[in-house]
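Hi everyone, thanks for coming. I'd like to walk you through one protein today, so let me put it up on the screen.

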Amino acid sequence: MLGFQSFNIVFVCERAQRGERERERGSSARTTSASSLLICWFYLFSKLGIEIGGLECLYGGDLTGVEVKLLPEMSSLSRELVFLILQFLDEEKFKETVHKLEQESGFFFNMRYFEDLVTAGEWDEVEKYLSGFTKVDDNRYSMKIFFEIRKQKYLEALDRRDRAKAVDILVKDLKVFSAFNEELFKEITQLLTLENFRENEQLSKYGDTKSARGIMLAELKKLIEANPLFRDKHQFPTLKNSRLRTLINQSLNWQHQLCKNPRSNPDIKTLFVDHTCGTPNGARVPSPVTNSLMNTAVPKAGGFPPLGAHGPFQPAPAPLSIPLAGWMANPSPVPHPAASAGPMGLGAPNTAAALLKRPRTPPNNSAAIDYQTADSEHVLKRSRPFGVSDEVSTLPVNILPVAYNSQSHGQSSYSADDLPRNVVFNLNQGSAAKSLDFHPMQQILLLVGTNMGDVMVWDLVSRERVAIKNFKVWDAGTRSMALQTSLAADYTASINRVMWSPDGTLCGVAYSKSIVHIYAFSGANDLRNHLEIEAHTGSVNDLAFSYPNKLCIVTCGEDRLIKVWDVVTGTKQYTFEGHEAPVYSVCPHHKENIQFIFSTATNGKIKAWLYDNMGSRVDYDAPGHSSTTMAYSADGSRLFSCGTNKEGESFLVEWNESEGAVKRTYHGLGKRSVGVVQFDMTRNRFLAAGDDFMIKFWDMDNVNLLTTIDADGGLPASPCIRFNKEGTLLAVSTSENGVKILANADGLRLLRSAENRPFDSSRVVSAAVVKAPTIGTFPAVSAAVGANVGDRPSPVPAMVGINADNRSLVDVKPRVEESVDKSKVWRPTEINEASQCRSLRLPDSISAMRVSRLIYTNSGLAILALASNAVHKLWKWQRNDRNLTGKATASVLPQLWQPSSGILMTNDLSDTNPEDAVSCFALSKNDSYVMSASGGKISLFNMMTFKTMTTFMAPPPAATFLAFHPRDNNIIAIGMEDSSIQIYNVRVDEVKTKLKGHQKRITGLAFSNALNVLVSSGADAQLCVWSMEGWEKLSCKSLQIPSGRVASPLADTRVQFHQDQTHLLAVHETQIAIYEAPKLECLKQWFSPERGPITHAMYSCDSQSIYASFEDGSVSVLSASNLRFRCRINPSAYLSPNPSMRVYPLVIAAHPSEPTQFALGLTDGGVCVLEPLESEGRWGTPPPAENGAGSSTPHSVAAAATTATADQPQR
């Protein structure tokens, strides 16, 4: 029906052998159920339009004996179907069936299962599992794999003094190797004559059984990695959770659409027949077999279940089994793993020789299905993902759970009307723009490189050029003679590429004459020379920033080389050679912990490189042998390329990473393009290319042209184009040496909101002006870094906040400060009435108890609160005419959301009095799960269903703070009531280490990815810094309690990192302080006034403001740069008068992308959202410079005057 190839699948009934088979598997009931369900899946696939050919069912009576057998010649889709079945079986916990199918199909080698078998010494099962992938005599790697296993089995029998068993192994298992090495077999036989085989010199270092198995396992893994028969079988394709269930839902929706009289709420009771909405008397009989399909399965009680890549915890990356973007045969990070397939011997495995993996031969299937997902997380360890689907079906029938709306790709949220089509203005450059890039943080700043070598920064609000640099070699005397000769003949150069660094503090420029310039940028007229590199002989064609282990810049050039440079020192780190033509572009990226670079050449060759000087891992041809630019979508899940060949043919394609082939080719590009067509993408949804004197747009999921615009004319044949990160603005070069700025409605609002306001250098990310050494400690980037097209997610590192708010700063709107009339006396703003701000108390029908914890979801679409009675509450805003973005706002009432089941997310309380318990929670990055505790066990909840997925770590001691590791969601830091910190691996259910340094319970944890440290705080008013490498304590400091103040004995101390990941906010009831990590140098303090203790404080999402709440009910807004008081919101502005009850905020949560919005959790159980008036656009007015305002970072004001007013006691 859909043109798919037929599946060669045969159902064979083997009822006579059923009993024996079930005894082998040990679980007849589960196997029977699995077999029945498999038939159901195949049937439903036929209803999806996939023809199932060769179907023979020879069973009679029941289905308990049915078994699936796959014929040897299987199509690509058959292979994918097996993976879908494997995923389903694993989700349903049919573990034995999963591994049986893995072995029988030979498609996926489960290294984790293999390791478990070897570690347990289940040698028969080890060989049985291996038999699905290789045999003893297949090749030298296979031979050594089996030899090592049988040798270990033999030695263990000797070690147990079981000589009869040892002789049996020698004769039956090891004899086969005598044909290849007779002397070795004789030596093995002679071990029987020794009292202890360790008397043999080669075995003298043999330890106990456990250590010997560990050593052997390490060797086996390397041999398997090197064995070509296992190539491409180590990695399970990345599938969205419950993919098979999703396809069933889609099938049922399709069937429901065909109903003549569709019901609004159809009752689907079986999957064995087509769904129809019949008459009430015509309801079909439900099938008991399908009952388990109708509900999301819940893990069994017991230990902590393993968590899949689409759950809140990603599997720990396995360095020896992750393919490079699916195109390489399991490359490994430096150092390259050694795997010897040399002579077999008695001693320890030989690991001297390193074996390179050969690149795969690309298949011919250009229409293969892409496995990548939005979060680009591999499913190497396919553990149970709790039956959660990432996909939301908009059709009426859904028998299975659908996703929480923040989990979806968001594609359905945008239409072609959201594209920036309207020309707002034109920037006159004076020379032709060759490359464009929007600032990653301040999206109203545009970097432009021209054909005359000029580099410019434009402020799109003022439409002024705020910085410019002309081409000039800074140190010509030290340059090569070839370059000096070229410059002497013609001292001009064109710019091939300009690009901002991930945090916008640096920008790189690639010139047509050998040179790369790196500039530091920290504000208006402040484009400072940072680094000059003579990178290549001839033209430098492209550059991009990457982060293999520190911030680097990747360049390529006319000399056919790719080079990697340290951006701090300019030292060359790597040189990659292998192209036979000039290298046209580079695209650094990473998958899991594998960092790599794609490169393309002018002859149409595509290669890929690891940072190991081991040569290219991929060698493919670009479509039409074109000069091509490659780039990943913002979420890192999809790979695209666009280019033009010498004949003028242009190609825009999406690649299937798992196959290394073109997945789809987009139609609509010209056949005779002038110049190389440039492209860009936005919102993980739209592609755009400059071609035929216009801009062309495509939906990523549709190969046909979506729309075109000519931008009111005046465009060159192949214009440069670039989206800003949010996709609200689009810059395009013109034929008259200009740049046109196009905008959609949101883009117009962005520009107009800051109209008539001068450029303020403090709006640039503050990390730019942190003292020099920090330039070398840029954070690791979790999204695509330095991709050659726009719409990159903000690569500012994840921050663990005061509420365990572990998120990346994405879509933070630029903060715009008004200029101040310095001739007037400055006073902080007082807000006393509801009319002076926007406030909204969220609706609540659940019993009100004080709010202990509060957080916005990472998407900004909802607020989650944890009350003191251990109950969670979730408020969600809907997208409508009054709220076009669907984000949290004080202008629109949200819904107190609950699943249809009506259950509440309630923490385990054990025997704890909830009022006395310390509450804590942490939210997963995709808003799917929340980990939470209220004095009892730690609970893991599904945010879609509110179901408890599991509980673990029963008290005592109780957990008091939770934080996810920024680079490995399998690792969580758990602050405990007994003052310890447990570093806990949830995947293996094991406490890796326990940190001790506090005297009282832990009240705060914050990770810095840039500094590679964890900062902890406790009720002892002490801060400790721990290395994330070995978890040793680096420094410790106690807060300075002001004289005359007596702090509560168990007062919380909270910590949160500034977005620069260096400066640390510490909050105590007596003070707010800024420290510089890791030495914990106190830069600034602000002591609470007499109106009451500080109950909570938190950075705004852009780290420019600090919101602090007090016990008298007021909220203060301080400038983060200098802790100067800016605004006070009194309780009368947001609370209704109630003389009988004293109500005040206990917790504050800052919106993840709206710098001026925050929420308060109150003692009466209420939650209020506050925003300034739209006409104001900010909280208060910043103090003028002469009143103490300074630079945008706390460090720069550490030595500033500290004269304090009554409301501003600062050090």
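Let me start with a term: a residue is buried under 20% relative accessible area, exposed over 50%, and partly exposed in between, using a 1.4 Å probe and protein chains only. With that in hand, look at Cys587, which is buried at a relative accessible area of 0%. Cys642 counts as buried too, with 0% relative accessibility. As for disulfides, meaning pairs of cysteine sulfur atoms within 2.5 Å, the structure holds 0 of them.

Before going further, a word on where this comes from. This is a predicted model, in which local features need pLDDT of at least 70 and side-chain atom pairs count only at pLDDT 80 or more, while totals for chains, interfaces and linings use all residues. Residues are numbered from 1 along each chain as its sequence is written, and side-chain values use heavy atoms, with hydrogens and water left out.

Now the overall picture. Of the 1211 residues in the protein, 62% are buried. If we call heavy atoms within 4.5 Å a contact, then among contacts with a separation of 6 or more, 61% link residues 24 or more positions apart.

How many helices and strands does the protein have? There are 13 helices and 60 strands, taken as DSSP runs numbered from the N terminus: H or I with at least four residues for helices, E with at least two for strands.

Let's zoom in on one sheet. Two strands pair if DSSP finds at least two bridges between them. Here we have an open sheet of 4 strands, antiparallel, in the order β4-β31-β30-β29. Its edges are β4 (422-428) and β29 (721-723), each pairing on one side only. On average, neighbouring strands of this sheet are turned by 20 degrees against each other, direction ignored; the axes are lines fitted to C-alpha atoms. Inside the sheet, β30 (residues 729-733) and β31 (residues 738-743) share 5 bridges in the antiparallel sense, and Val732 has Lys740 in β31 as its bridge partner.

Finally, a hairpin: β5 and β6, with 6 residues between them. These two strands pair in the antiparallel sense over 5 bridges, β6 spanning residues 445-450. Phe438 has Leu446 in β6 as its bridge partner. Strand β5 (residues 433-438) is mostly covered, with 5 of its 6 residues buried.

Definitions and conventions
Axes fitted to C-alpha atoms, helices over the stretch in contact; angles between N-to-C directions.
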